[in-house]
Amino acid sequence: MASLPTQTLLSLQFLGLLIASIFVGDISDGFVAARTQREFDYFALALQWPGTFCQKTRHCCSSNACCRGSNAPTEFTIHGLWPDYNDGTWPACCTRSSFDIKKIATLHDALEKYWPSLSCGSSSTCHGGKGLFWAHEWEKHGTCSFPAIRDEYEYFSTTLNLYFKYNVTKVLNDAGYVPSNSDNYPLGGVISAIQNAFQATPLLVCSNGAVEELRLCFYKDFKPRDCVIGSIVPDGMLSSKSSCPKYVSLPAFTSLGLENGGEEFPWLPQIEAL
C-alpha cells in the first residue's frame, strides 16, 4: 500500500489537533461545548433552609455562615443553579474553565450574604482540587449552563437575580409559614403557596420532617416551570414526593457565633457541597 506524502501527513495531524482543541480545550473565558454531554433541558435553583442545615453544625469556623451569630442567615440561601435533564440526571464539569474569584469581585458582598457556605469543609472542584463553595458550583454546574449562560460572572449574577425575583422566604412568610421550632405546616399548603406565587410546582427535600432544600425550576429562558417530581436527587436524598411527610417544619436556628464562644476548627470537614 502506498504511503501518504509527508506534507499530507502533517496536514492531517494539524487537522486532528485543531479538532481536539475545539471539542476538548478551553477557549479563554468562554465555553467549549462538551462533546460527551448533551445540552441540558432546564435549570433548578436550589435553595437551602439554614434552620435545618445549620442544626447539623458541630464545629464553627469563619467561613461557615451558620456561625455568624446575629448575622447568621434566617432566610433561604442559595445552594446553586443547576442545569438538569428531564430524565432526572444532570451534566457536570463540562469544560476546563477554572473558578476565578476576581471575575465576581463586584458580587462578593451579595454572595457572602445570599449564597454563603453553610459548612467548614472545602468543596471539591472538577480538576481534582479543593476550593470555595462558589468554585465548586461554578465548575460543576455553571460550566454546563451554555448557551443560556456564557461565563462565570453571568452565572453568579443570573442566579442572584433569580433569587431576588422569586423570593421564596417572603412568599412563605406571607402565607403564614414562618420559622418555628414548635409548629408543623401542611406540605400541600407550602407547595400551593409557591405554585400560586410563581405558577409552577417546586421540589422540596426534607430531613427528619424538616424542609432542608426547596428547588424552583426554570426553562432555559428563565421562565418558571414545574420541577420534575420524583427525579433523582444528588447524595441519596429523595424528592418532596417521598422524603417529606404530610406536615413539615421550618426550624428556627440560633447561632452562637464565634464571637460568643463558638470554637473554630477549620480542619474538620463537614458535608461537602453537591
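Reader: Where does R58 lie?

Author: This is a predicted model, in which local features need pLDDT of at least 70 and side-chain atom pairs count only at pLDDT 80 or more, while totals for chains, interfaces and linings use all residues. Residues are numbered from 1 along each chain as its sequence is written, and side-chain values use heavy atoms, with hydrogens and water left out. Helices (H or I, at least four residues) and strands (E, at least two) are DSSP runs numbered from the N terminus. In these terms, R58 is found in the loop between α2 and β2.

Reader: Is R58 buried or exposed?

Author: Buried means under 20% relative accessible area, exposed means over 50%, and partly exposed lies in between (1.4 Å probe, protein chains only). The relative accessible area of R58 is 62%, so this residue counts as exposed.

Reader: How far apart in space are R58 and C120, C-alpha to C-alpha?

Author: In sequence, R58 and C120 are 62 residues apart. In space, their C-alpha atoms are separated by 9.9 Å.

Reader: How many disulfides does the count come to?

Author: A disulfide is a covalent bond between the sulfur atoms of two cysteines. Here the term is applied to a pair of cysteine sulfur atoms within 2.5 Å. Under this rule, the number of disulfides is seven.

Reader: Is the disulfide of C54 and C66 left-handed or right-handed, and why?

Author: C54 and C66 are joined with an S to S distance of 2.0 Å. C54 is buried because its relative accessibility is 1%, and C66 is buried with a relative accessible area of 2%. The torsion about their S-S bond is about -75°, so the disulfide is left-handed.

Reader: How many residues apart in sequence are the parts that the pair C54 and C66 ties together?

Author: The S-S torsion of this pair is about -75°. Both C54 and C66 lie in the loop between α2 (50–53) and β2 (77–84), so the distance in sequence between the parts they tie together is 12 residues.

Reader: What is the S to S distance of C60 and C67?

Author: C60 and C67 are both buried. Their link is left-handed, with -95° about the S-S bond. The S to S distance of this disulfide is 2.2 Å.

Reader: Which parts does the disulfide of C206 and C244 tie together?

Author: C206 and C244 are joined with an S to S distance of 1.9 Å, and each of the two is buried. The torsion about the S-S bond is about 95°, so this disulfide is right-handed. The pair ties together parts that are 38 residues apart in sequence, because C206 lies in strand β6 (residues 203–207) and C244 in the loop between α8 (240–243) and β9 (247–248).

Reader: To which residue does the backbone nitrogen lie 3.2 Å from a polar atom of the side chain of S243 belong?

Author: S243 is placed in helix α8, and it counts as buried because its relative accessibility is 18%. A polar contact is a pair of N or O atoms within 3.5 Å; within protein, one must be able to donate a hydrogen and the other to accept it, and residues adjacent in sequence count only if both atoms are side-chain atoms. The backbone nitrogen in question belongs to C206.

Reader: Which residue caps the N-terminal end of α5?

Author: The expected span of a helix is 1.5 Å times one less than its number of residues. For the 14 residues of α5 (residues 152–165) this gives 20 Å, and the end C-alpha atoms are 20 Å apart, which agrees. At the N-terminal end, a side-chain oxygen lies 3.3 Å from the backbone nitrogen of Y153, and the capping residue is D151.

Reader: How many residues of α4 are buried?

Author: The buried residues of α4 include W134, H136 and W138. They pack against β2, α3, β3 (123–124), β4 (130–131) and α5. Of the eight residues of α4, the number buried is eight.

Reader: In β2, which residue is the bridge partner of A46?

Author: Two strands pair if DSSP finds at least two bridges between them. β1 and β2 run antiparallel and are joined by seven bridges. Eight of the eight residues of β2 are buried, so the strand is largely enclosed by the rest of the structure. The partner of A46 in β2 is G80.

Methods: Contact means heavy atoms within 4.5 Å.
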